[in-house]
Amino acid sequence: MSNSIWRKKPLEAYAADVKNNQLKRVLGKWALTSLGIGAVIGGGIFTLTGIAAHDWAGPALALSFVMAGVACTFAALCYAEFASILPVEGSAYAYSYGTVGEFFAWFIGWNLILEYMMGATTVAVAWSGYFEKLLHLFNINLPIYLTNDPVTAAEKAEKLRAAGEVVPDFSFAFNLPAFLIVWGVTWVLVKGIKEAASTNNLIVIMKVAAVIFVIVVGAFYVDTANWHPFIPDAVIDDSGAQHYGFNGVVTAASIIFFAYIGFDAVSTQAGEAINPTKDIPFAIIASLLICTLLYILVSLVLTGMVKYDTLDLKAPVASAFEGAGLPIAMYIVTIAATAGLTSVMLVMMLSQTRIFLGMAKDGLLPKGLFGAIHPKFKTPWKSTIFVGGIVSVVSALTPIDKVSEMCSSGTLLAFAMICGAVWLLRVREPNIERPFRAPWLPFVATAGILCNLYLMWGLRTETKLSFLIWGTLGIIVYFAYSKKHSNLNQKN
């Protein structure tokens, strides 16, 4: 075997992985589509719409969702082709390992860690915000220091004191609801994929019904004056960042891009799909199309019901109905959002453990931790508990806007890289059986690369700097551990 960092995993090794799969194959195409919708609908609609419209795009948030949706469509077509060729867990990591090479695959896998773990963290914080609002509807109010991270708690306390309210002093804050829900989801995931999928299906039905309710009922309370100006005039803040205007719309698209990563989660479930070569491509494309349409409609309704600069950042949809004087609707939205965000977290944490499993099988991560399968539940239980531990602590101590942007940066680069990898495989291995072929591939792959990199460039400077630090850390881990322990290195 070559010692090059560009050595590739032989395609016949993937066939062996499929044959030796220890996971239960119980997911059909609609169960997989449901998992995709479960991951997509949640954080984007119920939370990030508030941040993106309030701070960056205004009513033009609908355009931001169109931009992000187009960029995702190109990537989704490339994902679907790869999933039909290599029906194994590991998603973009596994696809690129057999086409471009080990280092490229490692770097994608490292970014997927950022995508899924930060994604689950963002959703846990958002869940806490809606859970807090749900308790408030029943006149239960928890202290600020038990429902927020230290930074957010301090900011809220200062605002309340400025408004004349009495707020007790506190030296430390910890988002307890976020911490506890992560461990609840972790327990479900350790129990098994069938239980997780059944839980997800029930929640997906509930939250899709709630989203349709938001669109239909909210449409009657839209004031078109709130859409003017549709793209607010550009504003430059003290740090030099532009809010609103076209650049603000692009930045918003970069931020809410996090909301679209559910179709990527579908591809991580290949090891548990009944007919992965056909069902995975179907579920990827179906979940993306359904959710994009719902996102655009919800963003138009939301910014029509409430002036964009008055949107609540943590629970914008529920607050919009509260402002419209619809208490019953507010109950429905809050309950559905709380349940819906639970399923997003479930799918993201599930996907993260399957990425780890794929990397551990290849020797790039310690097999004793990330590759251990529970003898009874047939789940990667040690990895699941490890992920739950990290996500629970980070979500309890970190502001939501910071983790959501970090998640988007990892997703955007992974999508751009996979678009290039599928094109490269077409050139290098034109005769491989492809049950699904992405149409007009040179155009689709090129557009996917350019769109995703353009949106990545639209992220804030601090986010790009943080991502650079994360990428550097990944390179260090690769050369310090993964390259030496890789299965491809064992015969050298």
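The following exercises, with worked solutions, concern a predicted model.

**Exercise 1. Helix H8**

Task: Determine which residues of H8 are buried and which exposed residues lie on the face turned away from them.

Solution: 

Step 1. Locate the helix. H8 comprises residues 150-162, which is 13 residues. From its first C-alpha to its last it reaches 18 Å, close to the 18 Å expected at 1.5 Å a residue.

Step 2. Identify the buried residues. Thr 152, Ala 153 and Ala 157 are buried in H8. They cover an arc of only 130° around the axis, which puts them on the same side of H8.

Step 3. Recall the geometry of the helix. An α-helix has 3.6 residues a turn, so residues three or four places apart point the same way.

Step 4. Examine the face turned away from the buried side. The exposed residues carried there are Glu 158, Lys 159 and Ala 162.

Step 5. Find the packing partner. The buried residues of H8 pack against helix H7 (144-147).

Step 6. Inspect the two ends. At the start of H8, a side-chain oxygen of Asp 149 comes to within 3.0 Å of the backbone nitrogen of Val 151. Just after H8, Gly 164 has a positive phi of about 95°.

**Exercise 2. Backbone geometry in loops**

Task: Describe the peptide bond between His 228 and Pro 229, and examine phi in Tyr 244 and Lys 378.

Solution: 

Step 1. Most residues other than glycine have a negative phi, and most peptide bonds are trans.

Step 2. Consider the peptide bond. His 228 and Pro 229 are joined by a cis peptide bond, with omega about -5°. Pro 229 belongs to the loop between helix H10 (193-219) and strand E1 (235-236).

Step 3. Consider Tyr 244. Its phi is positive, near 65°, and its loop runs between strand E2 (242-243) and helix H11 (245-256). With a relative accessible area of 12%, Tyr 244 falls under the 20% limit and is therefore buried.

Step 4. Consider Lys 378. Phi is again positive here, near 60°, in the loop between helix H16 (367-370) and helix H17 (381-397). Lys 378 has a relative accessible area of 31% and is partly exposed.

**Exercise 3. The surroundings of Thr 342**

Task: State whether Thr 342 is buried or exposed, and name the residues that it touches.

Solution: 

Step 1. Thr 342 is part of helix H15 (residues 327-361).

Step 2. The relative accessible area of Thr 342 is 16%, so this residue is buried.

Step 3. Leaving aside residues up to four places away in sequence, Thr 342 touches Trp 127, Ile 181, Val 185 and Ile 203.

Step 4. The side chains of Thr 342 and Trp 127 are joined by a polar contact of 3.0 Å.

Conventions:
Residues are numbered from 1 along each chain as its sequence is written. This is a predicted model: local features need pLDDT of at least 70, side-chain atom pairs count only at pLDDT 80 or more; totals for chains, interfaces and linings use all residues. Side-chain values use heavy atoms; hydrogens and water are left out. Helices (H or I, at least four residues) and strands (E, at least two) are DSSP runs, numbered from the N terminus. The expected span of a helix is 1.5 Å times one less than its number of residues. Buried means under 20% relative accessible area, exposed over 50%, partly exposed in between (1.4 Å probe, protein chains only). The arc is that of the directions from the helix axis to the C-beta atoms. Contact means heavy atoms within 4.5 Å. A polar contact is a pair of N or O atoms within 3.5 Å; within protein, one must be able to donate a hydrogen and the other to accept it, and residues adjacent in sequence count only if both atoms are side-chain atoms.
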